[in-house]
Amino acid sequence: MDNGAAGADDGFGEDAVPDEAALDDTEFGAGLLEEELRQAAAILDPVPAELRRLAVDAYALYDLDARLAELTFDSLVDAIPVRGATDVPRMLTFRTGELSVDVEVTAHGLIGQVLPPQPARIEVLGGPHPAAPATLTADTMGRFAGELPRTGPFALRLRTGGEVVVTEWMRA
């Protein structure tokens with residue numbers, strides 16, 4: 001008895017090794033079963049639209065080419081407080097390699113500059129709310145300004161030439 005051959009008898013009247021046709025039928029059947037289970041789940045327990053949107057937004061943040069810009073200065077932590085000063089803007093500096101981004105966060109929005117100076121497209125990524133990311137444009141001097149997300153944390157995604165840089169998430 002040769003147990004190495006496809007379709008060989010194992011002594012109990014069963015094939016010890018199924019032939020390729022049987023494997024194809026099993027994989028095909030598993031694919032149909034999986035599709036039927038997906039359809040049943042979609043009908044009986046659908047994914048809420050808001051959760052689906054958040055999942056798509058989270059996946060959009062996934063960018064293999066993006067470098068993470070590390071927060072190197074935060075005026076809430078690193079600056080010396082000034083007595084009597086109220087409504088002081090928050091100053092942040094992010095750095096990755098040779099690129100740095102200085103951002104000033106105020107009640108009216110944010111102002112910043114990309115260094116070394118260069119044009120860039122900047123997306124203000126917000127937390128869990130339905131608005132699409134605001135897109136800002138840095139001029140040839142690297143300067144940009146725009147509105148801040150109304151609530152929740154935010155991050156900046158910069159596209160400079162062929163490079164993509166994402167800042168750490170922060171709160172205003």
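Glu 70 of strand E1 (residues 66-74) lies opposite Arg 95 in E2, where strands are DSSP runs (E, at least two residues) numbered from the N terminus. The model is predicted, with pLDDT of at least 70 required for local features and 80 or more for side-chain atom pairs, whereas totals for chains, interfaces and linings use all residues. Residues are numbered from 1 along each chain as its sequence is written, and side-chain values use heavy atoms, without hydrogens and water.

E1 and E2 run antiparallel and are joined by 4 bridges; two strands are taken to pair if DSSP finds at least two bridges between them. Asp 74 is positioned opposite Leu 92 in E2. E1 also pairs with strand E9 (residues 163-167), in the parallel sense and over 4 bridges. In that pairing, Ala 69 faces Thr 167 of E9.

E2 is in turn connected to strand E3 (residues 99-106) by 7 bridges, and these two strands run antiparallel. Val 103 in E3 is the bridge partner of Leu 92. A hairpin is formed by E2 and E3, with 2 residues between them. Within the turn, Gly 97 has a positive phi of about 60 degrees.
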